[in-house]
Amino acid sequence: MRPAAFYYHAPATIDEALDLLAVHGADARIIAGGQSLVPAMSARLARPAHLIDINRVAHAERPAVAAGRLRIPPLARHIDFESGVVEGPLGHILAALHKHAGPLPVLMRGTFCGAIAHADPASAWCLAAVTLNAEITVRSKSRGVRTVPAATFFETIEVTVAEDDEMVVEVQIPLPDQFVRFGFSKVAPHSNHYGAASCLCVAEIDDRRAFNVRLGVGAVEDVPRRLTDVEELLERATPGIAVIREAAALAASFVSPIEQPGINARDQRELTQTVVRHALEEALL
């Protein structure tokens, strides 16, 4: 099947892209890597009348650190995070997660900001944004610039708070403490596939106790989210197998699984318990 007919636009600047969005609004879609949008268009699940290709915009921009934050521009590709775009724990976390964006063609073409805008609940980048307290900056011609915490940016599956004339222009992630440890776990049907359940944990260990614990789960619910009740259980706890198993069971009891092909709610909770346990063991033990 071929995509429905559309008008193609190739703006040279962000301002030109925003001008096009202001005119065409809900009938337009931004394309950067196109790794999610093009298949949807080919299956006619998405039928934008106007396609706004931003690949000619700001080619020289790279993720950079400013004011204690990693600032990720619109055309930062997944592969850019392979070698660590920033020194320290954040660079290691993003390098570990980037490979879960997909196979090599997706890594080469897909973009971090595009994944955030697409808002697939199984996306490792969306999970990272929520768990790491990222902020998403969007722009429109009429409303200007606004910044939204990742925790409130995702509304449901592939739906965000961004309006039809707004574009994701930057994601900012605070640099964590240099002693942060992390663990990530994902259960997927096969390699390089979006997961059926995933978990990211970041924490610090001091005097044999965990603190500043952040625990996020993805793919299980319609948006990725932090499990603050589980974080409270782990905060100031002495890491060990018993407390990790208790935390994993608690996490499974808190999630509200979405329907997935071949996986019922009970299975989803078991998968959640598994990925949380594995992520916690990696981060805390």
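This is a predicted model: local features need pLDDT of at least 70, side-chain atom pairs count only at pLDDT 80 or more; totals for chains, interfaces and linings use all residues.
Numbering starts from 1 along each chain as its sequence is written, and side-chain values use heavy atoms, with hydrogens and water left out.

Helices (H or I, at least four residues) and strands (E, at least two) are DSSP runs, numbered from the N terminus. Two strands pair if DSSP finds at least two bridges between them. Three strands, in the order β1-β3-β2, form an open sheet with parallel pairing. β1 (7-9) and β2 (28-31) stand at the edges, each with a single partner strand, so one side of each lacks a neighbour in the sheet. Neighbouring strands are turned by 20 degrees against each other on average, direction ignored. Axes here are lines fitted to C-alpha atoms, for helices over the stretch in contact; angles run from 0 to 180 degrees between N-to-C directions. β1 joins β3 (residues 50-53) over 3 bridges. Y8 stands opposite L51 in β3. Helix α1 (residues 14-24) packs on this sheet and touches β1, β2 and β3. Contact means heavy atoms within 4.5 Å. The direction of α1 makes about 165 degrees with that of β3.

Strand β13 (residues 209-218) has 8 of its 10 residues buried, so it is largely enclosed by the rest of the structure. Buried means under 20% relative accessible area (1.4 Å probe, protein chains only). β12 (residues 197-206) runs antiparallel to β13, with 8 bridges. L200 stands opposite G216. In β14, R226 is the bridge partner of G216.

Conventions
Buried means under 20% relative accessible area, exposed over 50%, partly exposed in between (1.4 Å probe, protein chains only).
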